[in-house]
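I opened the notebook to record a few look-ups in one chain. The entries follow the order in which I made them.

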Amino acid sequence: GCFVFKPSPKKRRVSQKTVNHFGERKDDSEDTELRFVTCQSLWNEIKLETEQIQEDLNKQLFDNLVSFLRRSHSEFQEKTTEWTCQMKSREIPTAALVLGVNVTDHDLTFRSLSEVLQNNITPYIALLEAKDCPGIKNLMQKLMGQLMNCYIDVDSLEDEDCVQVSQNRIRCSMSSLINWYESVTKKTDSETPRKKRTSSSRHWQSPPVVVIFKDMESFTTKVLQDFIVISSQHIREFPLVLIFGIATSPMIIHSLLPHSVSSLLCIELFQSLSSKEHLSTIIDKLLLSDRFPFKLGEKVLQVLINIFLYHDFSVQNFIKGFQLCVVEHFYSQPLSILCCQLVDAKKRVNSLSHNQCENIRRLPSFRRYVESQASEKQIALLTTDSYLKEIIQKLLEDLHVYHENYVSVLRCLHVFTSSLPKYPLGKQIRELHCACLENQVWETEEYESSLQLARMLNKSDLVTMLQQCVEIFVSSSGKEFDKTVEKLKEFLTQFQKLEDAFQERDVSVSSQKELQKKTDLYHLQKTLLELKESRRSKKLTKFEMLRFEVVDYIDGLVRNYLVPADHKTLHEIVYFNTASVLREHLNAAPRTALHTALNNPYWYLKNQALKSDGGSISNKAPDICIAYKLHLECGRLINLVDWLEAFSTVVMSVEGPNGDAASSDQVDDVIHARFIRAVSELELLGFIKPSKQKTDHVARLTWGGC
Amino acid sequence: GVKVRKDKTQLTVSVKTFVKKLENVSDDEAQEILEEKKYVAALGICAQDSMGNGSNVSGGEVYSFQTPKHSSKMAELASELAQTPGQSVAPDHSECPEKTAKTPQSSSKAILKTYMFLLLMHVWVFLLLQSKKKEFVSTTPYRLRKRLAAPDPYLESESEYSASCSEEEDEDNQKEVNTALSGRKTPAKTKTASTPPPRNNLAKKIKENKMSNLVEEYFEAHSSSKVLTSDRTLQKLRKRRLDQQTLHDLLKKAPLAYAAEIKELNQQHESLFSKWMLQLHLGFNIVLYGLGSKRDLLEKFRTSMLQDSVHLVVNGYFPSITVRSILNSITEEVLDHIGAFRSPIDQLEFIIKRFKEDSSLELYVLIHNLDSQMLRGERSQQILAQLSSLRSIYLIASIDHINAPLMWDQAKLSLYNWLWYETTTFSPYVEETSYENSLLVQQSGSLALSSLTHVLRSLTLNARGIFRLLAQYQLENKDNASYPGLSFQDFYQQCREAFLVNSDLTLRAQLTEFRDHKLIRTKRGADGVEYLLIPVDDSTLTDFLEKEDEDV
């Protein structure tokens, strides 16, 4: 079943150029290389950034873990003789690491964790996975293999025979492990104390041995129990620390391990950052920053977020989707060479070929722009390349400025909307971002209602929000915000003044309050009603006026700066908008495709004979479709003879003239063969399987389906 | 005359209310579909911009409940399909109705149809009043037959009744009824203003009915272990069992339908080749799905893109493929490593190490049918996933089974790092289904037959005689359900009489040989006597004997 094909050695090229595959689709191949390089460099940058983010987010967790590990065997380090007496209990220090359901991300976390530990605590780390450890023997083998290897890594200058001792020669037992540990620590102590000190002074003299169970839930209970019981026997000679990776909840430890075993553990709980927060950070750093020229369109972002929320909670998959977007954008959009930092983009504009200029002229957003210009300008834009390039540079700059401003104003708006009750525009900034990208946000109902709510904010909230906004604008890179900052600061001082004025009036209010205290319930109600009446009729207070002013000002900012991206000229260059591609490739529905092909072959085979209205298929459909349609009418078992007969009835009616043959019970051989093929294809697809319940019957494997 | 009028109005009213009912039902369905759409929209799957992808089907259509089916349903649909005016169909196909009528239980799932029977009953009674001598038959005109999703079990009894009364035929009367009915039906269908407004409680009741029907149907479909199907077998058809070769030849005769369209589809897919290469190089792996064999497509991809690089083709549909053989071919042929490994995991580790050490190593792996019987196991998928996660191994695979994606959990999916491509080709699965165990009963017999003849041909004449004896005896007893087999002593006796063996020992030696080739099975009876059986079904055995006779 397997065939290896090797090219003749002389023909083998050193390396297949990936670039070659990049632009073969298009005729304008001149820029493909540049495009590919741009794409790669952009992606590498993004990748580095995501890794950095991951590292930063995990830092807290890892610090906690490291300090836990240091603490756990501090007694052992001191080598006090009374330690053994003191530590009567044989508890193994254990860290339970709750990581969440996004299993796909765990790998990366563990990798960086082991790196951190290697650098800070101990060289002796073993990472175990359930799939490698079906029994305690395999577990020990794996464990020792990893430990001995890392020992070799630490000082490779050791004599070679130590290396030769392969796993299968050593008997895999706890005692041999202890022997190994003793020999190792002694060696580092006695033989090369000076050298070791210098090279690995960050490690302890006798570092603990850390065993990480990556996916604790999938380990068999017996293996875990055995391992814990055995190693607890030796905890005195062997400073072992366990780390459990847990995807569900810490309760799982107790349901997996009986009390007698779990009492041997001294468990401390560590919680990793939830993947949702992780995603927010990623979106914040990747999409809502002007570091990366590449942007996602609204639909695309929505698809990615939905895959995350509805399917896996996996940040890794989100990044994968993002990568696909980048690749797809650069692959399909020839103008994407301009999707780089502004400085480079301006340079590249100058060297654009005529073809590319034509491409730009074909962009819908650019056409809109041209139409809005005066007629002589229009002609210049459409005929003169050099003029066009000039304009493009200007437009690109505009786009850049738009992005800078957009992000700051978006954050500012988010400050306001995120504290409103019921969150009409969403809690997360990504929701707000989507809403703003989708259409003009100020025309939506949600925006209207959130403004209403914002007009009812109390003063202290408003002041803190304004302060936050000032911070955002001050730190933003946009140049147009000096005035905005001033204006906001002015608001703040006005609020301050109000407060001063209010304190003076405070005395009178308190007297009124006293008055209220004395009244009974009936009177209170009455006065309240009166108050309400008076408020309705009364003029707005100063504070309210100011509040209105602030909200209106924010509204003005929003209308000014949060224009949806697809209203901007040349947005096609930096925005990736084909969500369908993404969904097809990441979130495919193979069963639906099969269903469509079987029920409605016309969808794929554009032949008029197949066209039919409504749910039924025509009798000219491919054999498999007919067989499928017929089998839908059956229950759990299908009689092959009936099926064959029905099939031939349909097929014969299409073939028409030789209707006489059908009258006999004998079915034409060819039709018989076609039937067999259709049935076996259906079996391959998993709709039916042979059944022994009755002769010449097959069993149906699907429900319904018509 | 007045009487007639009265009856007729009654009829129209009932038809109208019934049509109303139908609409209610479809309204509910529309509602459901709408709700589904909402969820679908929430997922960001709007059908509007999907081109060439059949993803605009709501989930309820694909994954629905099982409903009870009646045995004749299929034949009915077949004749219906045969009847639908396909452009060049012979207009009248008189056999079909007869064929459906042959099956005992009259088919009556559709409410409308049963309702028509009811109406006919009314008319019938009325006609009886008019002319008592004349008898009337109710054969439902096919045009009026309408299919409906929800069957109504309560009306079942009526339909049977109506079936029973269809014995004789009076041309005139039927015509009259038909015209009367069709005259009634069209105005009712166009839904005039004259229809009485539907009462709300009626609609509610129908909905409740529908719900309870659904529940009842579910249990009806799943509780009964007995399934009603007809008892006909292929043997009665006296259909020659086709072997692989004849099947192949026959299919060659049948022209491939819609070849032009299929070719166009394939060309669409082929235009993606360079994109695939790009994405493979960027660390994704590619999986192809959709109806139709993707073997030719992958083969074309291989010949057009991979000529200059090392690649491995795995035929997953091959019945004896294992992960081990895949790993072996990588270590032995790609890495030129000689030596055995203790376990696939060790082997995998070795491969991973080699590929990580040597960055110039590159390997393309093409797997046809990654979801085949042999590869779908958890362990094999895990190993393949780990292989595919290597940077310099590029995997492109195809899947066909409807439940194939269930093989992978999140961890494996992230290792595989799939990009899904829909490549519906509609081309027949020739290679994939050509292996014996992937085929149905028709083929299993033929292969057993050919293996029988092959083995026997290599034996001595005497041995063949011995086997014939046993086969004949078994065929003589084929009607005996409790036939235990031929006891050794009797067999020995018979063989001696036919001068085939001369001693007990030679027979035993012979039998051992048969047993080694799995031609016979021995079984000890309750009395300790050894019984011999040929574990092949009767028809194959008959064929075998016939063939033997021809040869001799």
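How many helices and strands does chain A have? I counted 33 helices and eleven strands in chain A, taking DSSP runs of H or I with at least four residues as helices and of E with at least two as strands, numbered from the N terminus.

I noted that this is a predicted model, where local features need pLDDT of at least 70, side-chain atom pairs count only at pLDDT 80 or more, and totals for chains, interfaces and linings use all residues. Residues are numbered from 1 along each chain as its sequence is written, chains are lettered from A and ligands numbered from 1 in the order in which they are written, and side-chain values use heavy atoms, with hydrogens and water left out.

Entry: whole chain. Of the 706 residues in chain A, 52% are buried (under 20% relative accessible area; exposed is over 50%, partly exposed in between, with a 1.4 Å probe and protein chains only). I looked up contacts (heavy atoms within 4.5 Å): among those in chain A with a separation of 6 or more, 75% come from residues 24 or more positions apart.

Entry: H14(A). This helix covers residues 298–312 and has 15 residues. Its first and last C-alpha are 21 Å apart, close to the 21 Å expected at 1.5 Å a residue, where the expected span is 1.5 Å times one less than the number of residues. I listed its buried residues, including Glu298(A), Asn306(A), Phe308(A) and Asp312(A). Phe313(A) follows H14(A) with a positive phi, near 55 degrees.

Entry: Eight of the ten residues of H21(A) are buried, among them Arg430(A), His433(A), Cys434(A) and Cys436(A). The cover over the buried residues of H21(A) includes H13, E7, H14, H20 and E8 of chain A. I found Pro421(A) in the loop between H20 (385–417) and H21 (429–438). Pro421(A) is exposed, at a relative accessible area of 51%. From Pro421(A) to Ser450(A) I read 8.9 Å, C-alpha to C-alpha, across 29 residues of sequence.

Entry: H30(A) and H33(A). How do the axes of these two helices cross? They come within 9 Å and cross at roughly 70 degrees, the axes being lines fitted to C-alpha atoms over the stretch in contact, with angles from 0 to 180 degrees between N-to-C directions. H30(A) and H33(A) are therefore roughly perpendicular (65 to 115 degrees). Tyr628(A) of H30(A) and Arg677(A) of H33(A) are among the residues that make the contact.

Methods:
Angles under 35 degrees count as roughly parallel, over 145 as roughly antiparallel, 65 to 115 as roughly perpendicular and the rest as oblique.
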